Every structure is written in structure tokens, then in C-alpha cells.
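Please examine the sequence and the structure shown here before reading the report.

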Amino acid sequence: MLTGFCTSCNDPHCTICKYDYNICTDCMPGFGVDGTSCSACLDPNCVLCDNDVTQCAGCAIGYGLASGVCVPCADTNCVICNDPNICT
């Protein structure tokens, strides 16, 4: 909010900049807050990297999370695996 009016966040990948349009607090999928702006998650198969672009917290369809990195599901017919070896 700027002088009583709503304004867009300054960063195009930012979804929430509550108190200052130059300071992002939440980003679009595939991006994480890196200081005050959004940066792409380092893992290209990561859709959620929150406040650390080097550590993934959620992977794209067909990938599971292993030690902060997205790896393909072991079963090639699996769409969702929380762990690379367990299809859910």
C-alpha cells in the first residue's frame, strides 16, 4: 500500500508484498524469496522453494523430494510421489 492506494508489487514474480511494494514476502510457483525479491528455484523441477532458492520444498508432477532436490519418481507411471520411491 502506498499513501492509501493499492499498487502492484515491484517484482513481477512476487505474489505478496504486504507493507512495501519493493519488499516481496511470497512468490509465484518456481520462485522463492531471495532477500527482498523473487528468484527462480535453482532446481528446474522445483515448484516450491520458499525462502531458500537452493532447497526445494515441493516438486513438479512426476518428481519426488530427496534431500531438498527433485528427482524423478522411480515408477515411470507415477504422477505424484512424495518420496522418489513411493508412488502416492
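The report below treats the disulfides, the nonpolar cores and one aspartate.

## Basis of the model

This is a predicted model, in which local features need pLDDT of at least 70, side-chain atom pairs count only at pLDDT 80 or more, and totals for chains, interfaces and linings use all residues. Residues are numbered from 1 along each chain as its sequence is written, and side-chain values use heavy atoms, leaving out hydrogens and water.

## Disulfides

A disulfide is a covalent bond between the sulfur atoms of two cysteines. Counted as pairs of cysteine sulfur atoms within 2.5 Å, the disulfides number eight.

One of them joins C14 to C24, with the sulfur atoms 2.1 Å apart. The torsion about this S-S bond is about 100°, so the link is right-handed. Another disulfide connects C27 and C38; at -95° about the S-S bond, this link is left-handed. C27 is buried at 11% relative accessible area, and C38 is buried at 10% (buried means under 20%, with a 1.4 Å probe and protein chains only).

## Nonpolar cores

A nonpolar core is a set of buried Ala, Val, Leu, Ile, Met, Phe, Trp, Tyr and Cys residues joined through side-chain atoms within 4.5 Å. The largest one has seven residues: C41, C46, C49, V53, C56, C59 and C70. A second, separate core has six residues, including C14, C24, C27 and V33.

## A buried aspartate

D11 is buried but has no salt bridge (a side-chain nitrogen of Lys or Arg within 4 Å of a carboxyl oxygen of Asp or Glu). A polar atom of the D11 side chain lies 2.8 Å from the backbone nitrogen of H13.

Technical notes:
Buried < 20%, exposed > 50% of the residue type's maximum accessible area, 1.4 Å probe, protein only. Lys, Arg positive; Asp, Glu negative; His and termini not counted. Polar contact = N/O pair within 3.5 Å; in protein donor to acceptor, adjacent residues only side chain to side chain.
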